[in-house]
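I opened the coordinates today to look up a few things about the ligand site and the sheets. The entries below keep to what I could read off the atoms.

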Amino acid sequence: MGALDIAGLQDGFRGELLRPEDPDYEDARRVWNGSISRFPALIARCAGVADVISAVRFAKDTGLLVAVRGGGHSYPGLSVCDGGIVIDLSLMKGIRVDPEALTVRAQAGVLLGELDRETQAFGLAVPSGIVTHTGLSGLTLGGGINWLQRKYGLTIDQLLSVDLITAEGEFVKASASENPDLFWGVRGGGGNFGIVTEFEFRLNPVGPTVLAGPIFWPIEEAPNVLRFYREWISETPDELMTIVTNRKAPPLAFVPRELHGKLVVGVACCYAGPLEEGEKVVKPLKEFGSPVLDVCVSKPYLAHQAMFDPSFPHGRWYYIRGCDVAQLTDEVIDITVDHALRINSPFSALTLWQRGGAVARVGEDETAFGGRSAGHTYNITGATEGSEGFDEEQQWVRNFWSALEPYHTSFYVNFLMEEGEERIRRAYGAKKYDRLKALKRRYDPDNLFRLNQNIGPTATA
Ligand SMILES: Cc1cc2nc3c(=O)[nH]c(=O)nc-3n(C[C@H](O)[C@H](O)[C@H](O)COP(=O)(O)OP(=O)(O)OC[C@H]3O[C@@H](n4cnc5c(N)ncnc54)[C@H](O)[C@@H]3O)c2cc1C
């Protein structure tokens, strides 16, 4: 195959067009998950909306396979492809806070930490994810579970409008009053309907100081800790959000040396309300059993948002499975502990999210996002430095997930690998899936945007 002719795209393009022979190509084709290595024919790093329109039209005219990249954190690596074009939005970093209207506009290449930095300058925040280098785009389009969700809801619950480029290369806006069907679909339906170039969110007051951080116990105490945890969270207020973790204690500065590499169970908290009240709320947890480490303290919200960053660096090999369950029954707890005890890699971890609160107060059909009423979300991550041991970690993840199968209620699309259409259908539920397909037929009938948790245009038989 000869070199790709990009003359039609080059004219006036403000960003960068990278082909395999360009020095920056190698870095630009890499995504967060090191186990994914693909070689696109062209990476179009767009500087603005006009570049995105040109890139979409070029892709349509040439018939190239299209991948769209926000922050590059898709677990299965859906933002890069072999032989096609990557429409890369990472140069589009504009953020503008309006502290009077309590809104913020953010372009599609913004990362979570960049958005937090701008909004926290005003004591405000958009609830987003828990690792600062995750892309705002992909996270938002799938829903966005976060440290503030019980108080304020999902990231999409703050979304006021989007600017989007359709598969025809046309600019449209979507909000509650303009193209409301499309607005419904982008709140959970991923990148299926077009490329979002800019998001507008409502802002909420947060911190800047929160009571937050993890408390750890030895893994042997996990059965009791998790049973206590289940009862305790049934009475805690929505200001409190918690995440349970099971992993080998990492060799970080705040972890005592004797704990490094030991299996632990942790409950990480974030209390987004008055600190004195937070102290009272977390006291019973802090006093339960014999914690080996308690770093749940007052700290800047920005610091808390970065807490998990060292645990999920770029370039490691990652494999995940996710599922929602209704409750932490005794059976679910026993399965969880059993599989936590089998953790081998120092980088593998279970992250078990509390749900409910404001997330569940939005109706299941109000947005495309599926599983509003779930009690907890599992993210089971197997990770290694490279290929060595990766098969074993994948097997651990699959075994753990399969053991929970009788208790699965729903699936979060952003926590799916490439698992096939039936899983995607279950993530939305049959009724919403059909509605999403109808929307797909309207906005992308030829499935130009198919490298995502794909909602194909053809009706389900
Ligand atoms: C370390 C880590 C931490 C995470 N933490 C959380 C968390 O706290 N909460 C949570 O909810 N999720 C979390 N996730 C999951 C995360 O939401 C998804 O991986 C998400 O897809 C990442 O978005 P991105 O823009 O970085 O990804 P990308 O890989 O760039 O894109 C992901 C998908 O979205 C599409 N896409 C990206 N941008 C656009 C756009 N502007 N328009 C149209 N389509 C687009 C891509 O084509 C691709 O299909 C985490 C993931 C990782 C790797």
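**Ground rules.** I am working with a predicted model, in which local features need pLDDT of at least 70 and side-chain atom pairs count only at pLDDT 80 or more, while totals for chains, interfaces and linings use all residues. I number residues from 1 along each chain as its sequence is written, and my side-chain values use heavy atoms, with hydrogens and water left out.

**Ligand site.** I first asked which residues are closest to the ligand. I found 35 residues around the ligand, and the closest are Val-68, Gly-70, Gly-72, Ser-79 and Tyr-412; a residue is near when one of its heavy atoms lies within 4 Å.

I then looked up polar contacts, meaning pairs of N or O atoms within 3.5 Å (within protein, one must be able to donate a hydrogen and the other to accept it, and residues adjacent in sequence count only if both atoms are side-chain atoms). A backbone N or O atom of His-73 sits 2.9 Å from a ligand oxygen atom, and a backbone N or O atom of Gly-138 sits 3.0 Å from an oxygen atom of the ligand. Asn-414 brings a polar side-chain atom to 3.1 Å from a ligand oxygen. On its own the ligand exposes 950 Å², of which the protein buries 96%, by the Shrake-Rupley method with a 1.4 Å probe (for residues, only the protein chains shown count as cover).

I noted that strand 3 (66-69), helix 5 (136-142) and strand 10 (195-202) are the elements giving two or more residues to the shell. Here helices (H or I, at least four residues) and strands (E, at least two) are DSSP runs numbered from the N terminus. Helix 5 supplies the largest share of the shell, four residues.

I traced an open sheet of four strands in the order 1-2-4-3, with mixed pairing; two strands pair if DSSP finds at least two bridges between them. Strand 1 (16-18) and strand 3 stand at the edges with a single partner strand each, so one side of each has no neighbour in the sheet. The twist averages 15 degrees from one strand to the next, with axes fitted to C-alpha atoms (for helices over the stretch in contact) and angles running from 0 to 180 degrees between N-to-C directions.

Strand 1 pairs with strand 2 (residues 42-45) in the antiparallel sense over three bridges, and Leu-18 has Ile-43 of strand 2 as its bridge partner. Helix 3 (residues 49-62) packs on this sheet, touching strand 2, strand 3 and strand 4 (85-88), and its direction makes about 165 degrees with that of strand 4; I count contact as heavy atoms within 4.5 Å.

Strand 5 is joined by four bridges to strand 6 (residues 103-107), where Val-104 is the bridge partner of Val-97.

**Backbone.** Most residues other than glycine have a negative phi, and most peptide bonds are trans. I noted a cis peptide bond joining Gly-207 and Pro-208, with omega about 5 degrees; Pro-208 is in the loop between strand 11 (204-205) and strand 12 (209-218). Asn-179, although not a glycine, has a positive phi of about 45 degrees, and I located Asn-179 in the loop between strand 9 and helix 7 (180-186).
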